[in-house]
Amino acid sequence: MKKKLTRFDFQKKKQKQEKITWVTAYDYPTAMFAEKAGMDMLLVGDSLGMCIYGYDGTIPVTMEQCIGHSDAVRRGAPHTFVVGDMPFLSYQVSVADAVQNAGRFYKEAGVDAVKLEGGRRVCPQIQAISDGGMLVIGHIGLTPQSSGQLGGFKAQGLTCESAAALIEDARAIQEAGAFALLVEAVPPEVCKVITDMLSIPVYSIGAGIHADGQLMICHDLLGIFQAFTPKFVKRYADIGRHMESAFTSYATEVREGRFPTSEHSYRMLEGEAEKLLKAVEPSE
Ligand code: KIV
């Protein structure tokens with residue numbers, strides 16, 4: 001049976017320069033297949049707002065949605081490290097909210113860690129969650145919950161000045177007690193500086209090859225999410241096309257009377273059909 005990795009395994013993998021694999025999952029079957037494929041970590045991202053609920057962004061996503069989906073993922077992948085993503089307003093208002101809501105992920109969904117977005121300004125929250133005995137992953141670079149402030153879903157750290165600010169954020173997040181850091185949509189050179197500088201593992205989504213591991217959004221990787229495709233996405237399958245083709249075949253067969261056949265139908269016990277027909281025969 002697969003052994004669930006711990007924070008110490010992730011730390012050792014960084015030291016041994018073994019890359020870890022991380023993908024988002026929002027439901028039981030996806031989590032199950034990801035675990036079978038040997039994924040090291042799963043993120044129940046608030047990207048579920050776009051991928052599952054069809055919102056334009058992550059702002060409307062609630063704690064209830066994140067906990068419900070994390071709970072399903074936990075059951076689908078009992079032997080994989082699962083990270084719950086703290087949605088907008090679950091940690092920004094106060095440190096007490098942050099600890100309370102991180103604790104809900106642990107108690108109600110059985111996650112192994114939580115992730116939250118932001119740099120120095122969320123360090124008090126990271127420290128308090130960590131002091132509460134929970135594991136936290138920081139997230140800097142393109143942080144979708146503050147995409148309005150960033151001017152949209154745009155790459156970050158493109159200038160020396162903005163890269164330096166990210167590096168300061170990364171340092172502060174490690175100091176605050178995060179056990180790992182995710183860097184999103186940042187040039188590889190910047191992520192390399194952060195990865196080499198921090199003792200905790202640094203993971204990339206769209207931040208290049210030098211990080212200690214990679215995260216991908218499952219619906220991007222599988223070709224299910226069609227609204228837009230960021231530059232850093234590589235499609236490994238075209239499941240959306242397979243779904244459309246299966247639905248079309250099913251609808252065609254139903255309309256043409258080719259489904260269901262006897263192969264997909266139950267049989268009455270020997271002689272019972274004749275009896276039934278007699279019983280419903282109109283009496284003269
Ligand atoms: O919600 C999510 O899937 C994320 C990734 C975009 C990093 O936070």
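The largest nonpolar core has 75 residues, and those with the most contacts inside it are Trp 22, Met 41, Leu 42, Ile 129, Leu 181 and Ile 194; by such a core I mean buried Ala, Val, Leu, Ile, Met, Phe, Trp, Tyr and Cys residues joined through side-chain atoms within 4.5 Å, with buried meaning under 20% relative accessible area for a 1.4 Å probe, protein chains only. Helix H8, residues 160–176, gives the most to this core, with seven residues, where helices are DSSP runs of H or I, at least four residues, numbered from the N terminus.

On the sources, this is a predicted model, in which local features need pLDDT of at least 70 and side-chain atom pairs count only at pLDDT 80 or more, while totals for chains, interfaces and linings use all residues. Residues are numbered from 1 along each chain as its sequence is written, and side-chain values use heavy atoms, with hydrogens and water left out.

Turning to the packing, the axes of H8 and helix H9, residues 188–197, come within 10 Å and cross at roughly 25 degrees, the axes being lines fitted to C-alpha atoms over the stretch in contact, with angles from 0 to 180 degrees between N-to-C directions. H8 and H9 are therefore roughly parallel to each other, a term for angles under 35 degrees.

Helix H6, residues 123–131, packs with H8 at an angle of about 25 degrees, with their axes 8 Å apart, and that makes H6 roughly parallel to H8.

Key
Buried < 20%, exposed > 50% of the residue type's maximum accessible area, 1.4 Å probe, protein only. Helix = DSSP H or I, 4+ residues; strand = E, 2+ residues; numbered from the N terminus. Parallel < 35°, antiparallel > 145°, perpendicular 65-115°, else oblique.
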